[in-house]
Amino acid sequence: MSANIFVRRADPGDGLAIGEIHAEAWSVAYASFFKPDFAAQAIAERREKWHAILARNERDAVLGFVGGRPLAFMTFGPSLELAGSAEIYSCYGHPDGWGSGVAAAVMAAGLKELRHYGHVHLWTLRDTPQSHRFYAKSGFVDSGRRRDYDFGDGEPLAQVEFELTR
């Protein structure tokens, strides 16, 4: 990890930074999966929603910086569907930080906070090979579980589950 990379717990004042990372990552990696109007709306919502989420302290989150600029984040906590497991709810890197190592640093910091769980899982889109490679490099394996997930446009997309057992 570069000395230029720093990771810390996110706090309520980080809503703007996390929203920007989420929106830009979605714009590049996910927009093509949706009709243009829905994609634009979803990107705008991701830019704005983090203020309220962080203010309500709904999720544990870490934020990664490169040269002082926030470029990756991850949210996590108890699994929403598997008792006794942890779940990574979101893990995104701003495209400007791709390849810098900041997302790997954020993942390592988040997993350190989840160290008391023997099992950690997450869901990602089936057709995003870049995310699959990242999770595999982080020690996750495809669990074989699949689901369809509706992001709000009425057209569910296929997701795959990745898991890490320690």
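Residues are numbered from 1 along each chain as its sequence is written, and side-chain values use heavy atoms, with hydrogens and water left out. Because the model is predicted, local features need pLDDT of at least 70 and side-chain atom pairs count only at pLDDT 80 or more, while totals for chains, interfaces and linings use all residues.

**Exercise 1. Determine where Trp98 lies, and whether Trp98 is buried, partly exposed or exposed.**

Step 1. Helices (H or I, at least four residues) and strands (E, at least two) are DSSP runs, numbered from the N terminus. Trp98 falls in the loop that links strand E4 (86-93) to helix H4 (102-113).

Step 2. Buried denotes under 20% relative accessible area, exposed over 50%, and partly exposed in between (1.4 Å probe, protein chains only). Trp98 has a relative accessibility of 36% and therefore counts as partly exposed.

Step 3. A contact requires heavy atoms within 4.5 Å. With neighbours within four places in sequence left aside, Trp98 is in contact with Val28, Gly93 and Gln130.

Step 4. The Trp98 side chain also comes to 2.9 Å from the backbone oxygen of Gly93.

**Exercise 2. Describe the span of helix H1 (residues 15-29) and state what covers its buried residues.**

Step 1. The expected span of a helix is 1.5 Å times one less than its number of residues. H1 has 15 residues, and its 21 Å from first C-alpha to last is close to the expected 21 Å.

Step 2. The buried residues of H1 are Gly15, Ile18, Gly19, Ile21, His22, Ala23, Ala25 and Trp26.

Step 3. Their cover includes helix H2 (36-48), helix H3 (50-55), strand E2 (60-66), strand E3 (69-78) and E4.

**Exercise 3. Characterise the lining of the largest pocket.**

Step 1. On a 1 Å grid over the protein atoms alone, a pocket is an open set of points where a 1.4 Å probe fits, with protein on both sides within 12 Å along at least five of seven lines; lining residues have an atom within 4 Å of a point.

Step 2. The lining comprises 49 residues, and Tyr30, Cys91, Tyr92, Thr124 and Tyr135 are those nearest the pocket centre. Elements contributing two or more residues are H1, E3, E4, H4, strand E5 (119-125), helix H5 (129-137) and strand E6 (141-149).

Step 3. By class, the lining holds 27 nonpolar, 13 polar and 9 charged residues. Here Ala, Val, Leu, Ile, Met, Phe, Trp, Tyr, Cys and Pro count as nonpolar, Asp, Glu, Lys and Arg as charged, and the others, Gly among them, as polar.

Methods. A polar contact is a pair of N or O atoms within 3.5 Å; within protein, one must be able to donate a hydrogen and the other to accept it, and residues adjacent in sequence count only if both atoms are side-chain atoms.
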